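Hi,

Here is the structure I promised to pass on. Have a look at it first, and then read my notes below.

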Amino acid sequence: MVRSVNEELNELMENKGEVSDKKKEDRRDTSKDERRLKKKLFLDRVGYGFAATQFINILFSLTGASLFLIGFVNALKSSLSTVLSSFLKEYSKKGFISRRIITFSGLVFGFSFLFMALAVSIQSPALFAASLLLGSLGVVSYGDLFRQFINNEIKKQRFSLLLSKLAFSGIIITTISILLAGYLMDAIPITGELFELSVLGYELSFRLYGYLIAFEITALAFILSSYIISKLDINIKGSGEKVKNFFSEYTQNLSLNAKRVFSNKYLLVLSLASIILAVFYSVLNSFMGIHIYREYQHVFLGGFMNVAVMYGAALFLSFFAPIMTSKFRRALGLAPMFVFGSLLLALLPLVVVYNPFFPAVVTANVLSVFGASIIGSAQGLIANRLLNDADKSAFYISSGMLTVIPFLILVGVLVWLPSVIGLLALFEYLAYGVIVLLLPLYLLLVFWSTKTKL
């Protein structure tokens with residue numbers, strides 16, 4: 001029997017209503033996830049700001065740790081992060097990682113700061129080093145796996161607009177957090193301050209520490225952030241099922257990529273340049289905050305606050321670095337970009353040695369950020385000119401893994417030098433070394449790129 005027109009219209013209206021209800025439900029779910037994501041990103045920005053790398057290194061030195069131990073532990077932390085990050089990126093493409101792993105990693109990272117605070121209070125360099133290394137493993141798992149989830153969702157156009165809006169506000173939040181942490185650590189000194197309270201006729205006394213409050217804020221921020229992740233519907237899926245023999249496949253691919261790197265002169269030179277840059281940044285970041293804290297502790301804004309202003313200003317202005325770099329790229333060629341970028345990189349240690357006026361040091365630190373951005377942009381352009389897709393994949397996936405051992409050896413030698421020649425002499429060697437060693441490699445790549453175009 002043929003259905004009546006009214007029956008068909010009623011069915012169409014019901015189906016339309018169901019589709020509309022489903023769209024509304026999807027919008028509500030997306031809106032709920034967006035609100036959670038905003039809270040999560042806010043907490044992360046606060047956590048990173050209150051436990052900035054330079055504050056961690058200063059507190060590490062206040063446990064009584066030697067400069068060699070601080071520098072080498074930082075290098076070891078970077079190496080472990082590189083190895084784990086490379087492994088997780090490949091595994092997340094082929095395997096299945098639930099939000100439980102991300103949540104657990106965030107909790108490990110958060111609680112590591114409580115143990116670092118304990119290490120400062122009991123003057124234990126060993127506990128501080130162990131907590132720092134454990135926290136680095138947690139933050140890599142936490143950060144990389146969540147980033148993989150975000151990348152997947154951006155492909156679905158769920159959060160791309162939201163993340164673009166939060167980029168600048170995230171930098172502002174982190175900058176403010178760095179300044180607040182610096183103020184807090186100076187206001188309540190490293191020796192602590194005794195507070196007394198009267199509660200129901202009882203006199204209570206306790207000692208507060210600025211660094212302890214800052215690290216507790218960091219720990220709480222990441223613990224709450226991990227809790228929010230546990231409420232998100234996150235499952236990172238690649239090809240489907242877990243790969244049974246992934247580790248053997250991974251090492252085999254790493255070996256193949258290593259052969260590709262050593263048999264390709266472009267890849268080899270790019271890898272050497274990467275090692276030099278990594279060593280420069282590792283040593284400089286390990287010691288520069290400590291030097292600023294010690295040398296300017298009783299001038300300008302105070303010990304921790306000087307460090308906070310120096311690195312907070314660089315972080316805030318780093319948002320504009322890509323804009324400036326794009327203008328340089330249009331106005332200059334590759335060779336001038338590499339020359340200018342390398343000179344800006346070396347500016348910070350040179351100013352610290354030859355013109356240690358604090359405002360000049362702050363300015364040099366900001367300019368070094370722009371130098372890093374210029375070199376990164378120029379290196380990307382040169383890689384596109386000289387490498388095919390397979391070579392670029394081999395470089396970006398495996399170069400970090402392949403350079404771990406020479407990186408540790410070079411850093412080990414350099415962080416030993418301050419005990420012999422002093423920090424200022426080391427900064428001077430770093431400045432001239434990055435120019436003398438890095439610049440010729442980049443100019444050689446530029447020369448090869450011009451030959452390939454002829």
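**Aromatic pairs**

Searching the whole structure turns up 18 aromatic pairs. Two rings of Phe, Tyr or Trp (its six-membered ring) pair if their centres lie within 6.5 Å; planes under 30 degrees apart are stacked, over 60 edge-to-face, and the rest tilted. Take F109 and F113: their ring centres are 5.0 Å apart and their planes sit at 75°, so this pair is edge-to-face. Before going on, please note that this is a predicted model, where local features need pLDDT of at least 70 and side-chain atom pairs count only at pLDDT 80 or more, while totals for chains, interfaces and linings use all residues. Residues are numbered from 1 along each chain as its sequence is written, and side-chain values use heavy atoms, with hydrogens and water left out.

Back to that pair. F109 and F113 are about one helical turn apart, because they are four residues apart in helix α4 (residues 99–121). Helices here are DSSP runs (H or I, at least four residues), numbered from the N terminus. Are these two buried or exposed? F109 counts as buried, at 8% relative accessibility, and F113 is buried too, at 3%. The cut-offs are under 20% relative accessible area for buried, over 50% for exposed, and partly exposed in between (1.4 Å probe, protein chains only).

Now try F300 and F357: with centres 6.0 Å apart and planes at 65°, this pair is edge-to-face. It links distant parts of the chain, since the residues are 57 apart: F300 is in the loop between α9 (265–295) and α10 (303–318), and F357 is in the loop between α12 (334–354) and α13 (358–386). F300 is partly exposed at 47% relative accessibility, and F357 is partly exposed at 48%.

Ring pairs also join Y48, F109, F113, F215 and F222 into a cluster.

α9 has 31 residues and spans 44 Å from first C-alpha to last, close to the expected 45 Å (1.5 Å times one less than the number of residues). There is a kink of about 25° centred on N285; the bend at a residue is the angle between axes fitted to the seven residues ending there and the seven starting there.

What does the largest nonpolar core look like? It has 106 residues, and those with the most contacts inside it are F55, M288, M310, F427 and L438. α9 gives the most to this core, with 17 residues. A nonpolar core is a set of buried Ala, Val, Leu, Ile, Met, Phe, Trp, Tyr and Cys residues joined through side-chain atoms within 4.5 Å. Leaving out residues up to four places away in sequence, M288 touches Q54, M310, Y311, L348, P349, V352 and F427 (contact means heavy atoms within 4.5 Å).

Most residues other than glycine have a negative phi. Q123 is not a glycine, yet its phi is positive, about 55°. Q123 sits in the loop between α4 and α5 (125–155) and is partly exposed, with a relative accessible area of 46%. F300, also not a glycine, has a positive phi of about 55°.

**One last spot**

R385 lies in helix α13 and is partly exposed, at 43% relative accessible area. R385 and S449 are 64 residues apart in sequence, but 6.4 Å apart in space, C-alpha to C-alpha.

Cheers

Key. Helices (H or I, at least four residues) and strands (E, at least two) are DSSP runs, numbered from the N terminus.
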